[in-house]
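Please look through the sequence and the model shown here before reading on. The paragraphs that follow go from a single loop residue to the helices around it.

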Amino acid sequence: MRNNLKPSTYQSYNVNIDNHILPQLGERDTDSLEYKDIDLFVAKLNSKGLNNTTVRYILKVFKQALSHSVKRQYIRFN
């Protein structure tokens, strides 16, 4: 997605992926993720003291990554 984003946006996505998404969900097979996994992920983000706007942004990045993976046929569905 690097070509479709401003450099600052791309950097922000990478920071959130590296600092929040991968440490919590990086070892999981995306096909096996369930709603409870996402709920636990959100609870862990909230327990870190992150504000709601930041948590929503991290979830947006995660959702976009999954949607991109579907388009590239890395996973079956989001």
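Thr30 counts as partly exposed, because its relative accessibility is 33%, where buried means under 20% relative accessible area, exposed over 50% and partly exposed in between, computed with a 1.4 Å probe on protein chains only. This is a predicted model, in which local features need pLDDT of at least 70 and side-chain atom pairs count only at pLDDT 80 or more, while totals for chains, interfaces and linings use all residues. Residues are numbered from 1 along each chain as its sequence is written, and side-chain values use heavy atoms, with hydrogens and water left out.

Thr30 lies in the loop between α1 and α2; helices here are DSSP runs of H or I with at least four residues, strands are runs of E with at least two, and both are numbered from the N terminus. Not counting residues up to four places away in sequence, Thr30 touches Leu66 and Ile75, a contact being heavy atoms within 4.5 Å. Thr30 and Ile75 are 45 residues apart in sequence, and their C-alpha atoms are 7.2 Å apart in space. Ser69 is buried, with a relative accessible area of 17%.

Helix α3 itself covers residues 52-71, and its 20 residues reach 28 Å from the first C-alpha to the last, close to the 28 Å expected, the expected span being 1.5 Å times one less than the number of residues. Val55, Ile58, Val61, Phe62, Leu66 and Ser69 are buried in α3. Seen down the axis of α3, these buried residues fall within an arc of 130°, so they line one face of the helix; the arc is that of the directions from the helix axis to the C-beta atoms. The buried residues of α3 pack against α1 (7-25) and α2 (35-47), whereas Asn52, Thr53, Arg56, Lys63 and Lys71 are exposed on the other side of α3. At the N-terminal end, Asn51 caps α3, with a side-chain oxygen 3.1 Å from the backbone nitrogen of Thr53. Just after α3, Gln73 takes a positive phi of about 65°.

In α2, Asp37, Phe41 and Leu45 are buried. Seen down the axis of α2, its buried residues fall within an arc of 80°, so they line one face of the helix. They pack against α1 and α3, while Tyr35, Lys36, Asp39 and Ser47 are exposed on the other side of α2. The axes of α2 and α3 come within 10 Å and cross at roughly 140°, the axes being lines fitted to C-alpha atoms over the stretch in contact and the angles running from 0 to 180 degrees between N-to-C directions. Where these helices meet, Ile38, Phe41, Val42, Leu45 and Asn46 in α2 face Asn52, Val55, Ile58, Leu59 and Phe62 in α3 as contacts.

His20 counts as buried, because its relative accessibility is 13%.

Note on methods. Polar contact = N/O pair within 3.5 Å; in protein donor to acceptor, adjacent residues only side chain to side chain.
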